[in-house]
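Have a look at the structure first, then read on.

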Amino acid sequence: MKNEMFRSEPDYSVNSGTPVETAEELKDFERKMGKGVVNKWTYKPFRILGRLLAPKPDTTGITIRDEKNVGRGVLIIKPNKQKAAGALFIIHGGGYVVGHYKDVLGYACETARDLGVVVVSPGYALGPEEPFPAGLNQIHEAWHWLQKESGSLNIDPTKIVIGGISAGGGMAASIVQRLHDEGGIQPSGQLLIYPMLDDRVATKKDLDDPPHKVWNNKNNRFGWTSYLGHEPGKDVKPYSSPGRRENLDGFPATWIGVGTADLFLDENREYHEKLQDAGVNVTYVEVKGAIHAFEGAETQMGKDFNKSKIDFLKDHIS
C-alpha cells in the first residue's frame with residue numbers, strides 16, 4: 001500500500017507485548033477514547049452509554065428496514081441505487097459483552113451508498129447473561145434468513161461477504177467456520193476488522209501491563225469469561241474461540257486488518273498465517289502505531305484503512 005504506515009506482512013520487531021508508540025495523527029483520538037474499564041460493574045452502563053452517544057448516521061440515499069423478529073434483530077440497509085449483486089453481512093463489536101446491531105449503522109450506510117450494495121447487520125446475544133452458543137446461533141439464524149430472503153432483496157446469495165468488527169470479527173470467523181463445516185452456500189469472503197479471535201490471549205498476564213487503548217487485556221479477560229461462561233484458556237466448544245482452529249482449508253478469501261498498538265495484533269497475525277498456510281487468498285493489513293478502533297478518527301490512516309476494506313469488498317460482492 002502507498003501509505004508508509006501500512007504493511008502487507010507482519011513487522012515481527014513488535015508484538016502484542018511491545019509498548020508501541022501511538023501514531024502521531026491518532027494522539028488526539030487516543031486521548032478522546034482513553035482507557036475504558038469493562039468489568040462486571042461497568043458493562044451495563046457501557047451498553048446504555050453506547051446507545052445514547054451513538055452518532056446519527058447520514059441516511060441520504062438509503063432505505064433502512066429493521067427485522068426485529070429475526071434472531072436478535074436484523075437491520076437491512078439498502079441503497080436507492082443498487083449496483084452490486086451481493087451483500088455485506090456485518091457484525092458489530094463490543095467484546096462479546098456490549099454493543100448493538102445498530103452500532104454499525106453509520107459504516108453500513110456509507111458502504112451501502114458508496115458501493116451500491118445491500119448491507120445487513122444482525123444482532124446477537126451477549127455475555128454474561130447469554131453465553132455461547134446463544135449469540136452464534138442467532139447469527140446463524142440471521143444468515144439463513146438472508147439466504148431465504150435474497151431474492152426479495154435482489155441479492156445473489158453466492159456473493160455475500162461476512163464481516164465483523166473486533167468481537168464481531170471473531171463472531172464472523174466463527175460463523176464462517178460453522179458454515180464451512182455444514183456445507184451449503186458459502187460466503188464469498190470474510191472481512192475481519194481487528195478481530196477478537198482467541199480466548200487464550202486473555203490468560204497472558206504479561207499483556208496486562210502494556211497500555212493498550214480502548215480494549216486492554218483486563219477487559220479482554222472479562223469479555224471472554226462472560227462469552228464462554230467459564231475462565232478463558234480451558235477446553236472450549238467448537239466455534240467459540242475461532243483462533244484456536246488449526247484446519248482452515250477451503251475457507252473463503254479473507255481480509256484481516258489490525259494496528260501494531262492493538263492487543264489483538266499477535267492473534268490476528270497467527271490467523272492470517274494459518275489461512276495462508278491453508279492456501280486461502282488473504283489480504284493482510286498491519287498499521288504502524290494504530291490503536292484499537294482507530295479508523296473511527298478522521299485521519300488519513302483511517303481513510304486508507306477503510307479504502308483497503310472497500311477494495312476487498314468490491315472484488316467479492318460483484
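In this predicted model, counting ring pairs with centres within 6.5 Å gives nine aromatic pairs. Take W224 and Y227: their ring centres sit 6.1 Å apart with the planes at 65°, so this pair is edge-to-face.

**W224 and Y227**
- Both residues belong to helix α6 (residues 217-228), where they are three residues apart, or about one turn of the helix.
- W224 has a relative accessible area of 0%, so it is buried.
- Y227 is counted as buried too, at 1% relative accessibility.

**W255 and F305**
- Here's another edge-to-face pair: W255 and F305 are 5.3 Å centre to centre, with 65° between the planes.
- This one ties together distant parts of the chain, as W255 is in strand β8 (residues 253-259) and F305 is in helix α8 (residues 300-317), 50 residues apart.
- Both W255 and F305 are buried.

**A ring cluster**
- W224 and Y227 turn up again in a cluster with Y96 and F132, linked by ring pairs.

**Helices α4 and α5**
- Helix α4 (residues 134-149) packs with helix α5 (residues 167-182) at about 65°, and their axes are 10 Å apart.
- The α4 and α5 crossing is right-handed.
- On the α4 side, the contact uses G135, L136, N137, I139, H140, W143 and H144; on the α5 side, they meet M171, S174, I175, R178, L179 and E182.
- Sorted by class, the α4 contact with α5 comes to six nonpolar, five polar and two charged residues.

Notes:
Residues are numbered from 1 along each chain as its sequence is written. This is a predicted model: local features need pLDDT of at least 70, side-chain atom pairs count only at pLDDT 80 or more; totals for chains, interfaces and linings use all residues. Side-chain values use heavy atoms; hydrogens and water are left out. Rings of Phe, Tyr and Trp (its six-membered ring) pair if their centres lie within 6.5 Å; planes under 30 degrees apart count as stacked, over 60 as edge-to-face and the rest as tilted. Helices (H or I, at least four residues) and strands (E, at least two) are DSSP runs, numbered from the N terminus. Buried means under 20% relative accessible area, exposed over 50%, partly exposed in between (1.4 Å probe, protein chains only). Axes are lines fitted to C-alpha atoms, for helices over the stretch in contact, and angles run from 0 to 180 degrees between N-to-C directions. A crossing is left-handed if the near helix is turned anticlockwise from the far one by less than a right angle, and right-handed if clockwise. Contact means heavy atoms within 4.5 Å. Ala, Val, Leu, Ile, Met, Phe, Trp, Tyr, Cys and Pro count as nonpolar, Asp, Glu, Lys and Arg as charged, and the others, Gly among them, as polar.
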